[in-house]
Amino acid sequence: MKYPDIPHIANNPNMEGQYLLKQNITYSVITGEELKLTLFLPWNLQSGETEKSPKPLIVFVQGCGFKTPNLEFEIPQLAQIARAGYIVATVSHRNALEGHPFPAYLIDVKCAIRYLKRQAAEYGIDPERVAVWGTSSGGNAAMLVGLTADDPRYETKEHDGYSDSVNAVVSCFGPMEFDGLMPKGPVDRSMLPAILGKDRDLWPEVIREMSPLYRVEPGKTYPAFLLMHGTGDELVGIQQMVDMYHRLLDSGVTAFAYQVDGGRHENNFWSAEVYRVIGEFFAEYC
């Protein structure tokens, strides 16, 4: 019997597109508790090799109402972003309900960025190409990271000497202005003391400080911003995104905005088109 030839397929010497999931990485202990992140890393790093072509880094912050982010929530989608040629981290931060009001979550996300830059060689990261992306409260954190680069008010001594600046920011349905939003938005009124602190006299000041809309300074250099928001968002009205987009443009900032028709807060917001837009933005600005 004459058997058909068995075809040959080339191997993958650089293991391109092959990633591993590294979980429970501690990036901070200075607060008295271990703060963790999860990383999507190229396979070739597990053998102790040094990445010959460091990859840009995407730092993702899952929305959580300022409580504890679920690091597993977006793993399938983040894996797709990683396979497009990025190192991707999804990071946790302290829980406001456990005695950590603003700016704890912002301090923590910035600390994670500094940690990842410090470990850039180990993880195959290009520290000069970093983006931060968040949803809901994580989108708020991402915006504030982009607007407050290397602000000493939000730094700890951990990973001292490394910058928390980023090249690009993506916010998906993130709150931009908290004045008047808190009682009906993504956090319950009973949570206000936990988020804003116990001193009610300071609340107006804290609300403005955690509102990206009020943090844009004309004439200051900022990273590029991509804002995406659903027209059917029941928790954070889309006008917040529109106002922020206009504020950025009026200040000379590179910014893009998209409305997701009928998109709610999470849920049906996500589509292949949303991920395509985000992917193209990263390719251009990170």
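Me: Where does His100 lie, between which strand and which helix?
Reply: This is a predicted model, where local features need pLDDT of at least 70, side-chain atom pairs count only at pLDDT 80 or more, and totals for chains, interfaces and linings use all residues. Residues are numbered from 1 along each chain as its sequence is written, and side-chain values use heavy atoms, with hydrogens and water left out. Helices (H or I, at least four residues) and strands (E, at least two) are DSSP runs, numbered from the N terminus. His100 sits in the loop between strand E4 (87-91) and helix H2 (104-118).

Me: Is His100 buried or exposed?
Reply: Buried means under 20% relative accessible area, exposed over 50%, partly exposed in between (1.4 Å probe, protein chains only). His100 has 17% relative accessibility, so His100 counts as buried.

Me: Which residues does His100 touch, not counting residues up to four places away in sequence?
Reply: Contact means heavy atoms within 4.5 Å. On that basis, the list for His100 is Glu33, Arg94, Asn95 and Ala194.

Me: What is the bridge partner of Phe40 in E4?
Reply: Strand E2 (residues 35-42) pairs with E4 in the antiparallel sense, over four bridges. Phe40 is bridged there to Val88.

Notes:
Pairing = 2+ DSSP bridges.
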